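Here is a short report on one protein chain. Keep the structure open while you read.

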Amino acid sequence: MQYAVLGPLRALRDGRDVTPRGQRGRDVLALLILRRGQSVDPQVLLDQVWQSEATGLDATVVHTVVARLRHRLGADTIETTSTGYRLAEAPIDQVAFEDHLTRARGAPTTQSTAELRSALALWRADPAYSDVSQNLTATEQPRLAELRHSAQEALIDDLLASGDAAAMQEALTLAEDLILRDPLRERAHELVMLAAYRCGRQAHALAAYDRLRATLRDELGVDPNPSTQRLHARILAHDTDLEGAPAPGTTADPPPGAPAAPTTALIGRELELSTLDTLGSRRIVTIIGPGGVGKSTLLAEHYWRSRESGPVGYLDLANVGEVTEDEVAEAVAMALGVTVSAREPLDSLITSLTERRLTLFLDEAEWAGAALAPVVSRLVRACPRLCVVVSSRRALEIVGESRLVLDPLPCPAPEDDVEATRAAPAVRLLLERLADRDSAAHSDAEVLALGEVARRVDGLPLALELVAGYAGSRTVSELVGLLDTPLDLTTSELDRPARHRSLRDTVLWSAERLVEDERTTLRRLGIFVGEFDLSAAAAVVGPLDGAGSGNVAAICRSLAREALIQVRRTPDGDLTWRLLRTVRDLALEGLSAGPDLAATRARHREWHASRWRGALRNDRLLTDLRRHHDDYLAALKDALDTRDAHTTGDLVLTLGRWWLFTDSIGPGLRWTERCLASGLLNERQRAHLMVMRANLLIHQDPDASRAAAAEAVPVLERHADHSWLVGAHLIQALERHSSGDLEAAHDQSCRSVAAARHSTDERLADALGVLALIEAARGDVAATRASVDEAWSLARGSGSRAAMASVANNVCLALVEIGQADEAMQVLTSVEDRLEGFDMPLFLRHTSGWLLLVTGDPARALARFGEVVEQSPEAVADRRAAESYIGIGSALAELGRGDEASAILSGAQDLTARLGLVLPRWMTDRITQDGGRAATVASTEELGARLAGLVRSVGWSERSSSSSSS
């Protein structure tokens, strides 16, 4: 039996087409394919396939359709389980397509090209599942389309790298085909430009750029990204380096926790910016004003100006909703890249920030509810070098708060002449936004008319943006006519408590002019907590029943022209889409609590669950989690609240990749425990989550970590789940290594390598890196060398920054153990160079500290260890903390600060003994023995806290600014 879904659904048995003829049969089969490997309850099949027509029906109709399917497909094709129906294992072209893509990633060009061709050849038509009811495939079709487009881009990259003339022409044809299917895909336009130039068709390349620029300006009012603009300039200059240059790609991701950099001058806010500068010595400043007045814009401008004078952090609180004080502390910590305790997140955040000089920017603070004020108050009181700048519709009402009230922009008086009207800030902003859409000059009469427009909306910046959105289809005089009904937007309403009152009429005025499909799309997009791309929008909006085009991407572009969707370009050049909070709230009101809300939430969960379902750690996953973490977490919360067993496991496992890579131990353990206790996971998902839990606990509770990993092993073995078996054995190997049981560690590590030989090269690199670490500890230099070479070769060949960071950590420690510290430093430096766009993981900072120490740079080592301690305030008595204390003590000793070193080292020795931590020989050799011992305390936690206090008193944070930055 074989199934094909990359096009119309087809079922083949022994080469004979046995595809179900009726829609119900195809839909039931499609749903079983979509949930392959899972048992689907008949009631779920009834609700999903029959939808509104299921009223008054029972599962009998499902049994009838399944019986017909078995008769047509074969009795063995659909299994009956205790909980429903499950599709028997059979080849599916979608699975083969994704397997080809996995094998292509990181492979040599020749192999990659072959795999990508094989993958793309499986597509028979576009979209996938094209003859299945759209409500069933609303999330899967956009996901597969994006994978197909990415695969086509990767194939074009390979062809451009070959240097062959025929390959250049094929690359050009493929890139132009991609543009036809996705006109706003900027990377495809870059590839057309480069391929055309290499084919000797410079005019074609330049024309491609002109088309892209015109399309972006007409559709979204933005210019091509900087990468495309640079390529255009090089083509104009006949840059000969382009003949052999690699295909253009995206630049590094922007740092997390930063507002969008301003792309235009801030109009009419010069006085407010000056006032913010003069308030710089105040510890708490709150920018207050109604929705749409420009608070977030002013805060962003001040943020980017402040970056020039000191460290800053940023958190958008519009995405957090009503939260507790602990959840606010966790959100702040994540924005700052700090890990906090699961038990006392606010206390550990305070500990982390006590000595740091930092300006923290909190945007749209009103959405965090009452929990924010006490958190800010405690932070500022306890952290003397911390300043906080807040934007909010209301004051925090805490001691020491300075308030900057932001009014709408001044408007011209009706009797003002043309020059005075043109100079009024509200008119200046309106003229600027109109110029974004049309560069034509405006007559005196039009300028005076724009003064009337500005007065009608009382100079509210968002209202001016909305008005400008209509400029593409209306004259200036017609814009005035649109405002015959006065809007409820007067400055006297600044203190209104209602959530939307200040902008409700403005948004409704625009929304009520939309056609049905546009209104439906806008309402459903309100589900997104943060930013989204067009693939996600199409998936979550789902089927449209109105008289509009039904093309979600086209509708989104239309809504952007009306300024109801905000489009911005990120620092890495990508376009991202979002609803302003006021528009989002109004959209959700329209969605209301009903079937459409439930269905939209379900698609939101499914999109985020399916996006990385079954995926192992990879760079694209981590980048996606960084950008859209709030939506993934919202989907997980919703899955738990609705008890959605289909998505809960996938969502928590996807988020877990981020928690592990960023050492977000507190949130990771909290959500992991909640999901394990939910009863919503199947046996295999539970085993995966036990491995993840073991990984999170490895430094804090080694016994529990080892037990959790061991519990997962039998399940993983039964399912021949080699990739996760690698992790389960690795965790046990590392824990035994830290406890000094090298024989048990070696046995577990060998098991991990054996499992990895049946998995991916990246997993094999992980396993070999740990094996090298343990072989080095056993003194087997030859075996260590062989494992190091193979592990590092595989990691580099993968092209994955995440893989190289993980493998380098163990490879470097193994090299130090066998006396090759200089080589270890070369490996680490090469990884740091590749990590641009990612923060260096905490585990790699820890290893970096030791390498700097053993290669003779104790000052930088001290700063690097300081970063580890600063970002792990809860880890006062775990194994990694103990190693960091020893590193700090050794660095202090080498810097001639013997008294401080002695106290820290002697206490750290006591701590390692209590934790059962056995240090490597080379680490033990560095411990200085002079000086008295630390005072004896009763508990390990108290000793850790005493040591943490000693460590934070040594002044390493002052030197951290001189350390190399990741």
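## Two packed helices

H7 passes H8 in a left-handed crossing. A crossing is left-handed if the near helix is turned anticlockwise from the far one by less than a right angle, and right-handed if clockwise. This is a predicted model: local features need pLDDT of at least 70, side-chain atom pairs count only at pLDDT 80 or more, and totals for chains, interfaces and linings use all residues. Residues are numbered from 1 along each chain as its sequence is written, and side-chain values use heavy atoms, with hydrogens and water left out.

Helix H7 covers residues 140-162 and helix H8 covers residues 165-181. They pack at an angle of about 160°, with their axes 8 Å apart. That makes H7 roughly antiparallel to H8 (angles over 145 degrees count as roughly antiparallel). Axes are lines fitted to C-alpha atoms, for helices over the stretch in contact, and angles run from 0 to 180 degrees between N-to-C directions.

Which residues make the contact? From H7 they include Arg148, His149, Leu155 and Ile156. From H8 they include Met168, Glu170, Leu174 and Arg181. Contact means heavy atoms within 4.5 Å. The residues of this contact divide into 10 nonpolar, three polar and five charged. Ala, Val, Leu, Ile, Met, Phe, Trp, Tyr, Cys and Pro count as nonpolar, Asp, Glu, Lys and Arg as charged, and the others, Gly among them, as polar.

## A hairpin

Strand E4 (residues 78-81) and strand E5 (residues 84-87) run antiparallel, joined by four bridges. Two strands pair if DSSP finds at least two bridges between them. A hairpin of two residues links E4 to E5. Opposite Thr80 stands Tyr85 in E5.

## An open sheet

Five strands form an open sheet, in the order E7-E8-E9-E6-E10, with parallel pairing. At the edges are E7 (312-316) and E10 (401-405), each pairing on one side only. Neighbouring strands are turned by 15° against each other on average, direction ignored.

E7 pairs with strand E8 (residues 358-363) over five bridges. Val312 has Thr359 of E8 as its bridge partner. Helix H16 (residues 372-382) packs on the sheet and touches E6, E8 and E9. The direction of H16 makes about 160° with that of E9.

## The whole chain

The protein chain has 45 helices and 12 strands. Helices (H or I, at least four residues) and strands (E, at least two) are DSSP runs, numbered from the N terminus. Of its 966 residues, 57% count as buried, meaning under 20% relative accessible area with a 1.4 Å probe, protein chains only.

Conventions:
Parallel < 35°, antiparallel > 145°, perpendicular 65-115°, else oblique. Buried < 20%, exposed > 50% of the residue type's maximum accessible area, 1.4 Å probe, protein only.
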